[in-house]
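Okay, hi everyone. Have a look at the structure on the screen, and I'll talk you through a few spots.

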Amino acid sequence: MTYSKRETERKYEAPSADDTAWLPDLTSVDGIASVVGEGPDELDAVYYDTDDLRLVGASATLRRRTGGADAGWHLKLPMSGDSREEVRAPLSDTIPVTLRDLALSRTRGGDLRPVVRIRSTRSTQHLVGPEGTVLAELSLDRVRAESLLAKSTRAAHTSWTEMEVELAQDVDPALLDVVDKALRKNGIDRAHNSSKLARALEETGTGAAPLSRERVEDVVPGSAAEDVLGYVNAQVHSLVDLDPAVRRGLPDSVHRMRVTCRRLRSTLRTHRAVLAREVTDPIREELKWLGGELGAERDQEVLMERLDARIGALPRELVLGPVDARLRVWNVSRSSEARQRTLDALRSPRYLALLNSLTKLTKQPPLRRKAAREPERVLVKAILKEFDQLARRVSHALELSPGKERDTALHQARKAAKKTRYATEAARASLGKPAKRLGRRVKAVQKVLGEHQDSVVARDVLRNLALAAQAAGESGFTWGLLYGQENAVAERCERELPTVWADASKPGLREALVH
């Protein structure tokens with residue numbers, strides 16, 4: 001059993017834990033009515049990581065802590081700003097399987113072992129609002145840290161005093177800024193390290209694994225490679241960050257991870273002039289596999305939401321027979337299988353191998369000769385190549401008569417639109433507004449084509465549901481009505497496409513990229 005919470009806090013240097021005369025009266029801060037002291041706690045935490053510190057290198061931590069009100073296992077995952085997500089599991093002698101799985105995209109299957117032990121004597125003060133609600137917790141910690149890694153080059157022990165201010169759940173983060181201002185006004189500075197573990201590793205000489213976001217030495221600043229690798233790096237980090245959310249079934253996580261796979265695949269294909277394809281092509285194939293495994297669950301989500309909304313919008317007199325029940329049964333059988341397919345993929349050796357390949361790609365990119373050239377020369381050519389492919393696909397589709405062949409052609413055009421848009425995203429840092437503008441226009445084309453494809457898929461499902469209903473002796477009226485609605489959607493999209501495409505391909509957009 002695990003549960004999670006959002007932790008939003010800031011750490012500060014603390015002159016002393018015994019004499020707190022340096023700590024200002026925080027009741028002077030707007031919104032804080034009183035400060036209530038709590039008794040001291042003795043906390044003992046052992047932090048786990050791989051030998052090469054992959055977790056801390058990815059801004060994550062895993063610890064087993066005793067003492068205090070939250071004794072147990074804690075996995076902390078990075079979020080934006082001052083926030084992290086803390087996933088907790090009950091105290092046990094071994095690492096809970098659930099937390100080990102949630103850390104897998106960062107450990108990449110590496111063995112976890114104790115790396116640091118941190119013991120803290122903590123005194124706590126609650127910052128309370130006018131209505132008696134606890135707004136934040138101010139903790140003053142006397143810290144003693146011990147490195148458990150043999151490679152420590154300095155003293156294995158270190159100690160310091162620090163203070164942290166952590167917001168209570170659902171409190172406006174602006175309170176942190178107000179408290180921060182009061183503390184700084186009294187000479188209390190933010191801590192240099194973001195976590196106790198990072199400071200312990202630094203002060204005992206253990207160090208930390210570099211983040212893969214850091215510049216790769218062989219990449220020429222201001223080059224096409226810098227733009228492409230920056231984008232690839234961001235997508236790899238997105239995939240790693242989304243992994244725990246997908247495993248826990250959080251809303252929209254599967255969709256976002258699948259899109260990340262597509263962005264990576266498309267970028268590696270588009271920029272073969274920058275990154276050698278003998279390295280990237282095998283990675284693209286594995287990304288295609290992962291996207292396909294995720295696709296079953298995502299497609300089911302989209303279909304269910306679409307059909308549920310369509311039925312819900314119908315007047316009840318037009319819903320004939322057990323339509324809702326049949327839809328639920330269909331969804332349960334399909335979604336359960338799709339969910340298992342996702343989890344099996346994320347637990348597979350093939351997925352771990354992909355993560356390792358992506359890590360190597362970002363740290364040791366297979367740069368080609370053109371990678372060192374100016375992005376204006378290399379990236380513009382790549383974008384225009386994708387755009388020309390899109391133009392051919394759209395023109396071909398518009399020449400066809402309505403029917404299955406045209407549906408297939410429009411779907412291929414949609415894929416080309418995505419590739420073009422992703423190509424503009426990777427170039428925005430250097431090409432600026434022209435790339436952003438073209439990407440926005442192409443996205444509008446992609447949206448129309450996506451709506452069309454969704455209607456194609458929905459019609460196929462509705463036909464099968466109607467056949468199943470008929471075989472069971474139920475009315476097929478409602479399924480036929482819904483089929484007609486989806487057919488109307490497809491016709492509308494086909495009417496809109498020429499106008500949207502004309503806007504995306506009008507003179508000036510391509511030329512702006514070149515100049």
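Let's start with helix α12, residues 404–431, and helix α13, residues 433–471: they pack at an angle of about 155 degrees, and their axes are 8 Å apart. Axes here are lines fitted to C-alpha atoms, for helices over the stretch in contact, and angles run from 0 to 180 degrees between N-to-C directions. That angle makes α12 roughly antiparallel to α13. The cut-offs: under 35 degrees is roughly parallel, over 145 roughly antiparallel, 65 to 115 roughly perpendicular, and the rest oblique. Their crossing is left-handed, so the near helix is turned anticlockwise from the far one by less than a right angle.

Before I go on, this is a predicted model, where local features need pLDDT of at least 70, side-chain atom pairs count only at pLDDT 80 or more, and totals for chains, interfaces and linings use all residues. Residues are numbered from 1 along each chain as its sequence is written, and side-chain values use heavy atoms, with hydrogens and water left out.

Now, two loops. Most residues other than glycine have a negative phi. But D170 has a positive one, near 70 degrees. You'll find D170 in the loop between β8 (157–167) and α4 (174–185). Is D170 buried or exposed? Exposed, with a relative accessible area of 83%; buried means under 20%, exposed over 50%, partly exposed in between, with a 1.4 Å probe and protein chains only.

Then there's D252, also not a glycine, with a positive phi of about 70 degrees. D252 sits in the loop between α6 (224–247) and α7 (253–270), and at 38% relative accessibility D252 is partly exposed.

Terms used
Helices (H or I, at least four residues) and strands (E, at least two) are DSSP runs, numbered from the N terminus.
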